[in-house]
Amino acid sequence: MSRAFNFSAGPATLPEAVLRQAQAEMLEWDGAGASIVELSHRGPEFMEVARQAEADLRTLMSIPDDYAVLFLAGGATAQQALLALNFAAPGQTVDYVVTGHWGKTAIKQARPYVNVNIAADGEAGGFRDIPARADWRLSKDAAYVHYTANETIHGVEFRDIPDVDNAPLFADFSSSIASEPLDVSRFGVIYGGAQKNLGPVGVTVVIVRRDLLERAGQPRADIFSYASHAANDSMLNTPPTWNWYLAGLVFKWMLAQGGVEEFARRNARKSKLLYDTIDGSGGFYRNEIAPGVRSRMNVPFFLHDPALDAAFLKDAKAAGLISLKGHRVLGGMRASIYNTMPEEGVQALAAFMRQFQQAHG
Ligand SMILES: *Cc1c(COP(=O)(O)O)cnc(C)c1O
């Protein structure tokens, strides 16, 4: 068996040490007589797994005590609807800043419930840059301001936290959560599916400032209420226990590796190496994103001749580098280089790209 370097955008590569531990614990978890996925979510074994995962994520991300941490099903997309249902009154205005595909998705999910004001939109420029903060048109009484910290498909990332005056700031961190130190206290809500930077698909992390849970929001079933989930430790119904457990293993692994400070350094080196390789190729490869907002997590790039795409992917696979095909929205290539992508993987990709250029340039 040989594992390739996997540049998938999500579900994404997991650390081999985590997969090995999960494998070792698959048949029996810690003397429990059964796998953790076979045990009640309310039993002492899983309750301990859940408690430890939350404690580790709080340590990893320095999450203040006045924030609740929820582990939910439904993916980031479901949260995009729930944000509107929980934190805005029916028809209330909410501000959205759109910097790529996922910002548009967030609006689509919220629109049935709220009055969406698009405060800024990078689409006219092909989402190659982030509209300057000075040009945003924020509403006076918005329930919240929503933006996408890292656009997974377009490869655009906010490199600082925008200042938005009075409304709480809500951010989709699906593809950049825990990739560097972050001042959580600047946000009302941070959410993200775990399948990019934090581990397995099927569990979504929602970090919410507790005072916001007192907002009435809109008529909704209990199961769509963040306050109810928070009051029930994310066990209002059966949570995705296996995914939660695996995410917990990733948190432990990240802490042992040195935490978010260490991942910030690795992620900076990895992305710099790829962008340097692209920029230094004399136009053989290109990335069109404004340099100041290039994503450290997802590096989309194009070959100068799309007729070479198939050969690039085939040769890459033969070299042990997989899942480099770009999203169908953009075409071309995309290397997703989350926390769990080792530096050796990116070094191997950069070396392969130079070789491929020599052979075809
Ligand atoms: C992947 C992704 C989503 C969608 O996540 P699901 O878990 O599939 O719902 C939303 N936002 C961003 C930024 C993403 O990368």
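This note goes through the predicted model point by point, from its basis to single residues.

1. Basis. The model is predicted, so local features are taken only at pLDDT of at least 70 and side-chain atom pairs only at pLDDT 80 or more, while totals for chains, interfaces and linings use all residues. Residues are numbered from 1 along each chain as its sequence is written, and side-chain values use heavy atoms, with hydrogens and water left out.

2. Annotated span. An unreviewed UniProt entry lists residues 5-349 as "domain: Aminotransferase class V". UniProt positions are given in the numbering used here, feature names are shortened, and annotations may be inferred rather than shown by experiment. In the model the span is 32% helix and 17% strand, and its end C-alpha atoms lie 9 Å apart. Helices (H or I, at least four residues) and strands (E, at least two) are DSSP runs, numbered from the N terminus.

3. The side chain of T77 has an N or O atom 2.5 Å from an oxygen atom of the ligand. D172 places a polar side-chain atom 2.6 Å from a ligand nitrogen atom, and Q195 places one 2.9 Å from a ligand oxygen atom. On its own the ligand has 390 Å² of accessible area, of which the protein covers 86%; accessible areas come from the Shrake-Rupley method with a 1.4 Å probe, and for residues only the protein chains shown count as cover.

4. Strand β5 and its neighbours. Two strands pair if DSSP finds at least two bridges between them. Strand β3 (residues 93-98) runs parallel to β5 and is joined to it by two bridges; β5 and strand β8 (residues 169-172) are also parallel, with four bridges. H146 in β5 stands opposite Y96 and also opposite F170 in β8. From β5, V145 and Y147 point one way and H146 and T148 the other, and all are buried. Buried means under 20% relative accessible area, exposed over 50%, and partly exposed in between (1.4 Å probe, protein chains only).

5. Three-stranded sheet. An open sheet has the strand order β11-β12-β14, with antiparallel pairing. Its edge strands, each pairing on one side only, are β11 (285-286) and β14 (333-336). Four bridges hold the antiparallel pair of β12 (residues 298-303) and β14, and F301 stands opposite M333 in β14.

6. Salt bridge D56-K252. The structure holds 19 salt bridges, each a side-chain nitrogen of Lys or Arg within 4 Å of a carboxyl oxygen of Asp or Glu. In one of them the side chains of D56 and K252 meet at 2.6 Å, N to O. This pair links helix α2 (residues 44-61), which holds D56, to helix α6 (residues 241-257), which holds K252, the two residues being 196 apart. D56 is buried at 7% relative accessibility, whereas K252 is partly exposed at 42%.

7. Salt bridge E123-K104. The closest N and O atoms of E123 and K104 are 3.0 Å apart. E123 lies in the loop between β4 (115-121) and β5 (145-148) and K104 in helix α4 (residues 101-110), so the bridge ties together parts 19 residues apart in sequence. Both ends are partly exposed: E123 at 38% and K104 at 39%.

8. R296 and E157 meet at 2.7 Å, N to O. R296 lies in the loop between β11 and β12 and E157 in strand β7 (residues 156-157), 139 residues apart. R296 is buried at 7%, as is E157 at 2%. A network of salt bridges links E157, R159, E180 and R296.

9. D222. This residue lies in the loop between β10 (204-209) and α5 (226-231). D222 counts as partly exposed, at 46% relative accessibility. Its C-alpha atom is separated by 8.7 Å from that of L236, 14 residues apart along the chain.

Definitions and conventions. A polar contact is a pair of N or O atoms within 3.5 Å; within protein, one must be able to donate a hydrogen and the other to accept it, and residues adjacent in sequence count only if both atoms are side-chain atoms.
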